[in-house]
Amino acid sequence: MFDNLSNRLTSSLDRIRGRAKLTEDNIKEVLREVRMALLEADVALPVVKAFIDSVKERAVGTEVSKSLSPGQVFLKIVKQELEKVMGEANDELDLKAKPPAVILLAGLQGAGKTTSAAKLARYLKERHKKSVAVVSADVYRPAAIKQLQTLAGEVGVDFIESDTSQKPIDIANNAIDIARKTHKDVLILDTAGRLAIDEDMMAEIKALHAAVDPVETLFVVDAMTGQDAANTAKAFGDVLPLTGVVLTKTDGDARGGAALSVRHITGKPIKFLGVGEKTDALEPFHPDRLASRILGMGDMLSLIEEAEQKIDKVKAEKLAGKLQKGKGFDLEDFKEQLQQMKNMGGMGAMLDKLPGMGGQMANIQDKVNDKMFVQMEALINSMTAKERRNPDVINGSRKKRISAGAGLQIQDLNRLLKQHKQMQKMMKKFSSKSGMKKMMRGMGGMMPGGFPGGGMPKM
């Protein structure tokens, strides 16, 4: 997300460096480029105008302190204004109501409401330790009801049955009654969508909202529709008292216009971002962190939080203990690290959150991709247990067998073995208890070869 915008902005902001003072003349060209970058990112025109005017007003005449370069001052202003456009702080869900707290999801068909219902249920269950039930009031698509039932089973929350012969209000009232009797903290209500906004749809969802009086009414919208996402959200907001927005499919949106437009146009906060297809791919929306990512500053806080959630701590401790005993880092351990990285969304998702990597993602995308890790894992799976424990025994004939078994070339295997050697050397440096903690904290242990310094295989 934001790859194109991030590249354009960081390139433009570099032009202002080295100035003793920020004046209207020396920032005019930069602001013009920033304006073009935002418009190309499909940010709504009123948002672009307000943003540029605000940055200009704050930046012109600003004296540069001795400890900061003009570029840093201007960057700070741009970052703060980006945060302001997106909402400044994370807006958490308000679940203080008497159980069950009802969360109603609204939106157009295809926006990802049903998937978002399951993602939100998992998020509340795992992060907030809530007991959750889900129900579908989409009486127009039997497949939607079945889909939610399947997803509820995957994430381990209760599914309350419904069918197309029922009225949405009856489904909702019945679900609330069941959730109350089974002592659920939260009930997530998935509603019907349409291909476009129409009067019948709005009347139905307005009546449903009045009947259930949810504590949260979240509008689910596809980020890839750009500023149209903000306009659609406004149309729903004119009918429903929305409390927030869930922006889906942000992993496929290189522009970011929706994220930068929604708050300004609707006055409603973005509460969550859908960042992938899996049920754990839902992130709370933090404007300050996202502004940092847009400007190439990374997002270490989100990366650390994600690591705490998704890294297998038992396996990490086991590896740390093994290294402290001097037993070495074999290919089985290497495979474990690849799997941990996969759980974190792959190398691309991790690098996107590292400081300084925002503007370089386009340059390294061809070298860093998840296909490479699939190939590496296939090569390790093609080995015997003895070969994984002791890679030094892998001679020419073994290499032929291993690479053929994985459907790859011998040179691919040679690159893997080289990467493992680099990783092994790095692990030795961190074999002490304090060193291991530093490595795990810095995420270095999850990056084969210590990327970017150690280089990556070119599979």
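A salt bridge, as I use the term today, is a side-chain nitrogen of Lys or Arg within 4 Å of a carboxyl oxygen of Asp or Glu. Please keep in mind throughout that the structure before you is a predicted model.

Let me begin with the charged side chains. The structure contains 17 salt bridges, and I shall discuss some of them. In one, the side chains of Lys79 and Glu83 come together with an N to O distance of 2.5 Å. Where do Lys79 and Glu83 lie? Both belong to helix 4, which spans residues 70-86. They are four residues apart, about one turn of the helix. Lys79 is buried, and Glu83 is buried as well.

A further salt bridge joins the side chains of Lys234 and Asp238, at 3.6 Å from N to O. Are these two residues buried or exposed? Lys234 has a relative accessible area of 38%, so it is classed as partly exposed. Asp238 counts as exposed, because its relative accessible area is 58% and the class begins over 50%.

The next example is Arg415, which forms a salt bridge with Asp412; their closest N and O atoms are 3.0 Å apart. Both residues sit in helix 20, residues 410-429. Here the spacing is three residues, again given as about one turn of the helix.

I turn now to strand 7, which comprises residues 270-274. This strand is mostly covered, with five of its five residues buried. What are its partners? Strand 6, residues 244-248, runs parallel to strand 7 and is joined to it by three bridges. Within this pairing, Val246 is found opposite Phe272 of strand 7. Strand 8, residues 282-284, is also joined to strand 7 by three bridges, but in an antiparallel arrangement. There, Leu273 stands opposite Glu283 of strand 8.

Phe272 brings me to the aromatic side chains. Why do both count as buried? Tyr123 does so because its relative accessibility is 12%, and Phe272 because its value is 3%; the cut-off for this class is under 20%.

The other pair consists of Phe219 and Phe236, whose rings are tilted, at 4.6 Å centre to centre and 45° between the planes. This pair, too, links distant parts of the chain: Phe219 is in strand 5, residues 216-222, while Phe236 is in helix 9, residues 227-237, and 17 residues separate them. Phe219 is buried, with a relative accessible area of 1%. Phe236, at 0% relative accessibility, is likewise counted as buried.

Methods. Residues are numbered from 1 along each chain as its sequence is written. This is a predicted model: local features need pLDDT of at least 70, side-chain atom pairs count only at pLDDT 80 or more; totals for chains, interfaces and linings use all residues. Side-chain values use heavy atoms; hydrogens and water are left out. Helices (H or I, at least four residues) and strands (E, at least two) are DSSP runs, numbered from the N terminus. Buried means under 20% relative accessible area, exposed over 50%, partly exposed in between (1.4 Å probe, protein chains only). Two strands pair if DSSP finds at least two bridges between them. Rings of Phe, Tyr and Trp (its six-membered ring) pair if their centres lie within 6.5 Å; planes under 30 degrees apart count as stacked, over 60 as edge-to-face and the rest as tilted.
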